Amino acid sequence: MYDPSATDEPEFQAVVDALDDEDCHAIIEALDEPMTASELSDECGIPLSTTYRKLERLTESSLLVEETQLRPDGRHTSQYRVNFEDVTIMLAEDNSLELRIARPPETPDERLASMWEEVRKET
């Protein structure tokens with residue numbers, strides 16, 4: 001079962017709840033490329049306030065990643081992208097449920113950001 005001290009993976013129930021939500025399904029299906037909350041609201045026909053709540057649920061369960069889009073005019077915005085390729089729920093040897101999330105390969109920008117994060121931790 002999920003051990004919060006062992007990994008950065010989300011809580012089992014948070015993932016299951018997000019996957020059991022129709023609006024969350026619509027958002028995931030619409031994200032074939034990174035989009036803003038307002039773009040997702042329009043695309044999915046979900047009120048913007050509801051869209052923000054669903055995006056929070058999906059990012060907390062690590063099914064989506066929020067990234068900052070830098071703009072030349074200084075008005076930066078958040079975009080969201082899917083952060084999984086496969087979610088599997090299995091029965092472990094002790095009959096507990098085990099969650100596995102297959103992640104897409106990191107982009108060069110993500111690898112660089114991870115390296116900088118590790119450097120910051122060391123200093």
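Modeller: Trp116 has 49% relative accessibility, so it counts as partly exposed. The scale is this: buried means under 20% relative accessible area, exposed over 50%, and partly exposed in between, with a 1.4 Å probe and protein chains only. This is a predicted model, where local features need pLDDT of at least 70, side-chain atom pairs count only at pLDDT 80 or more, and totals for chains, interfaces and linings use all residues. Residues are numbered from 1 along each chain as its sequence is written, and side-chain values use heavy atoms, with hydrogens and water left out.

Trp116 sits in helix 5, residues 108–122. Helices (H or I, at least four residues) and strands (E, at least two) are DSSP runs, numbered from the N terminus. Together with Leu112, Met115 and Val119, Trp116 forms a nonpolar surface patch of about 410 Å² accessible area. Patch members have over 30% relative accessible area and no salt bridge; like charges are joined within 9 Å, and nonpolar side chains (Val, Leu, Ile, Met, Phe, Trp, Tyr) within 5 Å. A salt bridge puts a side-chain nitrogen of Lys or Arg within 4 Å of a carboxyl oxygen of Asp or Glu. Areas come from the Shrake-Rupley method with a 1.4 Å probe; for residues, only the protein chains shown count as cover.

Now the strands. Strand 3 and strand 4 run antiparallel, joined by six bridges. Strands pair if DSSP finds at least two bridges between them. Val87 stands opposite Ile101 of strand 4. Five residues lie between the strands of this hairpin, and Asn95 there takes a positive phi near 70°.

Met90 belongs to strand 3, residues 86–91. At 27% relative accessibility, Met90 is partly exposed. Beyond its neighbours within four places in sequence, Met90 contacts Ser96, Leu97, Glu98 and Arg100. Contact means heavy atoms within 4.5 Å.

Ser96 lies in the loop between strand 3 and strand 4. Its relative accessible area is 16%, so Ser96 is buried. The Ser96 side chain makes a polar contact with the Asp94 side chain, at 2.6 Å. Such a contact is a pair of N or O atoms within 3.5 Å; within protein, one must be able to donate a hydrogen and the other to accept it, and residues adjacent in sequence count only if both atoms are side-chain atoms.

Last, the whole chain. It has five helices and four strands, in the order α-α-α-α-β-β-β-β-α. Of its 123 residues, 28% count as buried.
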